[in-house]
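Visitor: Please put the chain up. I have some questions about its fold and one of its residues.

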Amino acid sequence: LQQALACSDNRLALPIVELAIPRLLALSHEERQLFMTEVRRLVWLNQQLSVFEFALLKLIEQALHKPKIIFREQTLQQLALPCAQWIMTLLQYGAHPPSQYASIYQQLLNPVFMLSTPVMPSMQQATLLGLDNTLKLFNALNLEGKKQLINLTATTIQSDGVLHRSEYELLRVLAALLNCP
């Protein structure tokens with residue numbers, strides 16, 4: 001398998017991981033803990049976190065440690081600040097120049113939040129490490145909020161006319177965490 005995987009298109013990495021999840025679910029609790037410890041160690045080996053590594057961690061954590069069922073009642077408007085952080089993070093991984101972030105941010109969020117568009121987070125506030133808690137908050141979204149967030153994410157990704165691998169990986173993680181196809 002190692003030789004076949006080494007020659008495969010790297011865009012298939014996350015789908016291949018998703019195919020391996022049933023096998024990971026067969027592990028005992030102790031084996032899962034050990035596996036996650038090793039994955040985290042490998043991810044942080046170079047002291048940096050790439051989008052792929054973030055996506056890999058979140059997909060495996062989601063599969064192995066299903067979050068508690070939350071009564072989903074929050075709207076996207078109630079999670080405006082986490083949504084703003086999410087969109088700002090996506091913008092950083094797209095093709096837009098940083099000088100255009102503010103205008104693009106307003107164009108994307110004004111239709112969703114109407115008169116109460118959240119203040120644009122700084123680039124220091126919109127990091128992969130910060131996304132971990134943000135994504136957990138999105139578990140409380142109602143179905144309409146999930147739909148709005150997925151659509152807003154797709155619009156953000158499409159806004160520069162280029163689909164970057166990191167944007168695709170972040171969208172895949174969001175969909176998995178929201179239990180959306």
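Visitor: How many helices and strands does the secondary structure of the protein chain come to?
Guide: This is a predicted model: local features need pLDDT of at least 70, side-chain atom pairs count only at pLDDT 80 or more, and totals for chains, interfaces and linings use all residues. Residues are numbered from 1 along each chain as its sequence is written, and side-chain values use heavy atoms, with hydrogens and water left out. Helices (H or I, at least four residues) and strands (E, at least two) are DSSP runs, numbered from the N terminus. The count is nine helices and zero strands.

Visitor: What radius of gyration does the protein chain have?
Guide: The radius is taken over C-alpha atoms, and the globule rule is 2.2 Å times the number of residues to the power 0.38. For 181 residues, a compact globule would come near 16 Å. The protein chain agrees with that, at 17 Å.

Visitor: Is Leu152 buried or exposed?
Guide: Leu152 sits in helix H8, residues 143–158. Buried means under 20% relative accessible area, exposed over 50%, partly exposed in between (1.4 Å probe, protein chains only). Leu152 has 4% relative accessibility, so it counts as buried.
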